Amino acid sequence: MWITSELSFFCGVFHNWTNLIFIGGVIINNLINDQIQEKEVRLIGEEGQMIGIVSIEEARAQADEAGLDLVLISPKAVPPVCRIIDFGKFRYEQERKEKESRKKQKIIEVKEIRFSPNIDTNDMKTKANMARKFIEHGDKVKVSMRFRGREMSRMQESKHILTDFAAMLEDIANVDKEPKVEGRNMVMFLSRKK
């Protein structure tokens, strides 16, 4: 008894996996044709017209008559929404929409510039030029000044170094986060002016 119930469970799981769609790390599950177990569904025709609430047998018959698939679009609606479409074309359109939405996303990276409190002015200008390139590229910049040993006792006196660094970039950057002490570091965030 136990073995047959386990076997039917695994067969049921495998049966439901047949139409899993893997798109960019997201799994989309659409039941089609005989996999739909609902009694009544809201049916949408092949041209997108609303047919109405019909029994599942009638919906399958209309899909067979059209030579297309009956696809469960919205399983959580009451009653569930099914559409008569070509499943391969439907899957292709979903993949294309997902790719388009990924193209339109702008990924903002956080680049880090590090220096110590006893940095010289020329070194500071070099670091500012690096930060300028990052900001012009559209990235945020995390400016951190690390303190070691006796430098820890003069943390607040060194705050002006970060404010001077921000002043070098004030034509293209805004200070998102004012200089703040985090452990042995003093951190400030810069982003592009809008």
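**Architecture, cores and salt bridges of the predicted model**

The chain comprises five helices and ten strands. The model is a predicted one. Of its 194 residues, 30% are classed as buried.

Strands β3 (residues 40–44) and β4 (residues 50–55) are paired in the antiparallel sense through five bridges. Together β3 and β4 make up a hairpin, with five residues between the two strands. In this pairing, I44 is placed opposite M50 of β4. Within the turn, G48 adopts a positive phi of about 95 degrees.

The largest nonpolar core contains 21 residues, and the residues with the most contacts inside it are F115, V143, F165, L169 and L190. At least two residues of this core come from each of β7 (110–115), α4, β8, α5 and β10 (185–192). A second, separate core has eleven residues, including I36, V54, A63 and C82. In soluble globular proteins, nonpolar side chains tend to be buried together. When residues up to four places away in sequence are not counted, F115 touches M124, K127, V143, S144, M145, R146, I161, L162 and F165.

Helix α4 has 17 residues, and the distance from its first C-alpha to its last is 24 Å, close to the 24 Å expected at 1.5 Å a residue. Its buried residues are M124, A128, A131 and I135. Viewed down the axis of α4, these buried residues fall within an arc of 65 degrees, and they therefore line one face of the helix. The buried residues of α4 pack against β7, β8, α5, β9 and β10. On the other side of α4, by contrast, N122, K133 and H137 are exposed. Just after the helix, G138 has a positive phi of about 105 degrees.

Four salt bridges are found in a search of the whole structure. One of them joins R132 and D171, whose closest N and O atoms are 3.1 Å apart. This pair links distant parts of the chain, since R132 belongs to helix α4 (residues 121–137) and D171 to the loop between α5 (159–168) and β9 (173–182), 39 residues apart. R132 counts as partly exposed because its relative accessibility is 22%, burial being assigned only under 20%.

Another salt bridge forms between the side chains of K140 and D176, with an N to O distance of 3.6 Å. Because K140 lies in strand β8 (residues 140–146) and D176 in strand β9, the pair ties together parts that are 36 residues apart in sequence. K140 is partly exposed, with a relative accessibility of 32%. D176 is likewise partly exposed, at 41% relative accessibility. A further salt bridge brings together the side chains of E112 and R114, at 3.2 Å from N to O. E112 has a relative accessibility of 37% and so counts as partly exposed.

Conventions:
Residues numbered from 1 in each chain as written. Predicted model: local features only at pLDDT ≥ 70, side-chain atom pairs only at ≥ 80, totals over all residues. Heavy atoms only, no water. Pairing = 2+ DSSP bridges. Helix = DSSP H or I, 4+ residues; strand = E, 2+ residues; numbered from the N terminus. Buried < 20%, exposed > 50% of the residue type's maximum accessible area, 1.4 Å probe, protein only. Core = buried A, V, L, I, M, F, W, Y, C linked by side-chain atoms within 4.5 Å. Contact = heavy atoms within 4.5 Å. Expected span 1.5 Å × (residues − 1). Arc of directions from axis to C-beta.
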